[in-house]
Amino acid sequence: MGDDLASVMLTEAQIQDRLRELAAEIDADYAGQDLLLVGVLKGAVMVMADLARALHHPAEMDWMAVSSYGSGTKSSGVVRILKDLDRDITGRNVLIVEDIVDSGLTLSWLQSNLRSRGPASVSICTLLRKPAAAKVEVEVRYVGFDIDPEFVVGYGLDYAEKYRNLPFVGTLAPHVYS
Ligand code: PRP
Ligand code: MN
Ligand code: MG
């Protein structure tokens with residue numbers, strides 16, 4: 001696996017430090033209020049696990065799995081729900097937890113889908129965002145790191161389902177995907 005990575009972009013310590021900062025902001029912003037964290041499978045598993053444990057807020061957790069229709073590896077913006085939330089979110093404060101906002105198409109669709117269900121609020125927290133890759137504007141309340149539009153893997157992010165279990169975020173060597 002070592003030969004497949006070109007560089008380490010974010011170390012385990014950098015990720016954990018930033019998640020603790022975001023958790024402190026979330027704790028302050030939602031103090032005394034209801035909070036439901038919604039993780040987007042599968043990429044968000046690591047962020048959700050570490051962010052949730054850094055919170056002092058007694059937040060609840062639920063999960064969705066979505067899949068982009070369309071050919072190729074890029075999301076098309078047409079999204080299909082593979083696993084929906086277990087519970088109704090009417091009147092709830094929902095915080096979507098993601099690993100990355102790339103084109104923004106997944107989050108844009110998901111945010112409007114959840115908003116149509118009558119929640120009190122829907123906000124987004126993402127570890128990574130690629131501003132240069134944005135195809136639609138998505139308002140993200142909590143961003144860990146803005147990064148260049150390189151192919152990154154690790155800490156939940158996959159290439160063909162691999163590398164999700166790396167504890168850091170790295171760039172993939174071109175020979176792996178070319
Ligand atoms: C990835 C990532 C985000 C989405 C971002 O998920 O985890 O959910 O793509 O891309 P976008 O901003 O261009 O829509 P993916 O569909 O690869 O599924 P996964 O989380 O199971 O890897
Ligand atoms: Mn995902
Ligand atoms: Mg993926």
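**Exercise 1. Which are the buried residues of α1?**

*Solution.* The structure is a predicted model.

Step 1. Begin with the helix itself: α1 has 18 residues. From its first C-alpha to its last it reaches 26 Å, close to the 26 Å expected at 1.5 Å a residue.

Step 2. The buried residues of α1 are I15, L19, L22, A23 and I26.

Step 3. Look down the axis of α1: its buried residues fall within an arc of 110°, so they line one face of the helix.

Step 4. Turn to the face of α1 that points away from this buried side. The exposed residues A13, D17, E21, E25 and A28 are carried there.

Step 5. Identify the cover. The buried residues of α1 are covered by elements including β1 (5-10), α2, β5, β6, β7 (142-146) and β9.

**Exercise 2. Describe the largest nonpolar core and the place of L51 in the structure.**

*Solution.* 

Step 1. Ask which elements build the core. At least two residues each are supplied by α1 (12-29), β2 (36-41), α2 (45-54), β5 (93-101), α3 (105-115), β6 (121-129), β8 (152-153) and β9 (169-172). The largest share, 6 residues, comes from β5.

Step 2. Consider α2, whose buried residues are M46, V47, M48 and L51. Their cover includes α1, β2, β3 (60-68), β5 and β6.

Step 3. Follow the contacts of L51. Leaving aside residues up to four places away in sequence, L51 touches L19, L22, A23, V97 and C125.

**Exercise 3. Determine which residues and elements surround ligand 1.**

*Solution.* 

Step 1. Ligand 1 is surrounded by 17 residues, and the closest are K42, G43, D102, S103 and T106.

Step 2. Assign the shell to elements: β2, β5 and α3 give two or more residues to it. The largest share of the shell, 4 residues, comes from β5.

Step 3. Sort the shell by class: it has 6 nonpolar, 6 polar and 5 charged residues.

Step 4. Examine K42, which is found in the loop between β2 and α2. The peptide bond leading from L41 to K42 is cis, with omega near 0°.

Step 5. Examine T106, which has its place in helix α3. T106 counts as buried because it has 24 C-beta neighbours inside 10 Å, and the cut-off for this is 20 or more. The C-alpha atoms of T106 and V66 are separated by 8.3 Å, although these residues are 40 residues apart along the chain.

**Exercise 4. Is E161 buried or exposed, and is Y163 buried or exposed?**

*Solution.* 

Step 1. Locate the residues. E161 lies in the loop between β8 and β9, and Y163 is found in the loop between β8 and β9 as well.

Step 2. Inspect the backbone. Phi of E161 is near 75°, a positive value in a residue other than glycine. Y163 also has a positive phi, of about 75°, although it is not a glycine.

Step 3. Count neighbours. E161 has 7 C-beta neighbours inside 10 Å, so E161 counts as exposed; the limit for this class is 12 or fewer. Y163 has 21 other C-beta atoms within 10 Å and is therefore buried.

Conventions
Residues numbered from 1 in each chain as written. Chains lettered and ligands numbered in written order. Predicted model: local features only at pLDDT ≥ 70, side-chain atom pairs only at ≥ 80, totals over all residues. Core = buried A, V, L, I, M, F, W, Y, C linked by C-beta atoms within 7 Å. Contact = placed C-beta atoms within 7 Å. Near = placed C-beta within 6 Å. Nonpolar A, V, L, I, M, F, W, Y, C, P; charged D, E, K, R; others polar. Expected span 1.5 Å × (residues − 1). Arc of directions from axis to C-beta.
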